[in-house]
Amino acid sequence: MRLNPRALLSGLPFRARLAAAFSGLFLLAGIALLAFVVLLARYGTEQQVQGIAVSYGDASSGSATPFEPVRPTRPDRAPTALSDVAMIQKVDQTVQAVQDTALRQMVLWSAVGLLITAFLAGLLGWWLAGRALRPVASMTEAARRISEQNMHQRLALTGPDDELHRLADTFDSMLDRLEKSFESQRRFVANASHELKTPLAVQRTSLQVGLADPLPDGLADVREDLLTANREAEQLINALLLLARSDRGLEATESVDLAATARLVTAELAPQAAENGVHVDLDADTPLAVPGDPVLLRHLLTNLMRNAIQYNHPGGHVRGRLDARTVTVTNTGPHVPAERIPELFEPFRRLDGDRTAATGHGLGLSIAASIAEAHHATLTAHPGTEGGLVLTLRFP
């Protein structure tokens, strides 16, 4: 297995990569400088050796003759005795040995000093990278604290007008635009809740009072149809407002007992299950307390259980189970292709043919997924072995 240095470095934090870059650059520059010094030292030593004069002959008589240790090319300067030749070779060998030893020692200790200095350069680079990235770390922590509930907070980076300061100012400007957008959405939801639900309530009251019994033949059925359409429109508006509320996130949390909530939801949906001929079995003996919004969590479990009851067949069953951090809802019913399951979590999407139902707007699972995301939970689904779906809600 071959190691890829680029992949290895890419897995390191940016600060470590920056320190490694400092050490690497210093090491490369030191190696180049050391090679240059060694070459110059070797060349200079050879030049100096060639300039050294050695005397041969009878030194006691004062008739010594100087000669160079380089092999002569002129016959008139050749040594005349074998001892002189041996002396020349010995001097050559001694000078070469001294030269090689000096170069080896210089290279050895220079390399040791270079490695130590490169290590110190890496430590210095780590410290400098930390100081240089400190504003980035503070910006990251501030950005992590900012959410939809405290959009008023800003980075407010102080210091010189450099690249980091301009980046922080740009981020603050983006937060200003996002805060205005969220405030506009909250006002729209509040106004829509009043403007849309009030006419429906007035319409329902008018139908109940204006078309009270006794009625001519045929008008009673018309009244029931109009009241049914009114209730469905009100349910749709409530579902849309609930989806918008869950998308905004949580404003306040408290400890919610999901086991007790699941038992309450099952009791509320018992008449619908009996009407559809579906048997509901709930295993909620394990306590499961999670922080969150009790109203939204109740709607979450209601949508999961109602979805399992509604998209079922007569004589089918629904099983709900709670364990340490997971809620699982399994139902029977028509087979659901695995590749089409992601469509079920989109608003107003139903699988025609496989998931037929006379009521519903295709918002149940999309609302459930939005509420789960607001509580930092994950909602997944996969086809059941007996048909239907297996919905799994996991809390962190």
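Biologist: Helices here are DSSP runs of at least four residues, and strands are runs of at least two. How many helices and strands does the protein chain have?

Modeller: The model is a predicted one. Counted in this way, the secondary structure of the protein chain comes to nine helices and nine strands.

Biologist: Are helices H6 and H8 parallel, perpendicular or oblique to each other?

Modeller: Helix H6 spans residues 258-268 and helix H8 spans residues 294-310; their axes are 9 Å apart and the packing angle is about 50°. Angles under 35 degrees count as roughly parallel and 65 to 115 as roughly perpendicular. The angle of about 50° therefore makes H6, relative to H8, oblique.

Biologist: How many nonpolar, polar and charged residues does the contact of H6 with H8 have?

Modeller: The H6 side includes Leu 258, Val 265 and Glu 268, while the H8 side includes Leu 297, Arg 298 and Met 305. By class, the residues in the contact of H6 with H8 are seven nonpolar, three polar and two charged.

Biologist: Which residue has a positive phi although it is not a glycine, and is it buried or exposed?

Modeller: Most residues other than glycine have a negative phi. His 376, in the loop between helix H9 and strand E8, has a positive phi of about 60°. Its relative accessible area is 65%, and over 50% counts as exposed. The residue is therefore His 376, and it is exposed.

Terms used. Residues numbered from 1 in each chain as written. Predicted model: local features only at pLDDT ≥ 70, side-chain atom pairs only at ≥ 80, totals over all residues. Heavy atoms only, no water. Buried < 20%, exposed > 50% of the residue type's maximum accessible area, 1.4 Å probe, protein only. Axes fitted to C-alpha atoms, helices over the stretch in contact; angles between N-to-C directions. Parallel < 35°, antiparallel > 145°, perpendicular 65-115°, else oblique. Contact = heavy atoms within 4.5 Å. Nonpolar A, V, L, I, M, F, W, Y, C, P; charged D, E, K, R; others polar.
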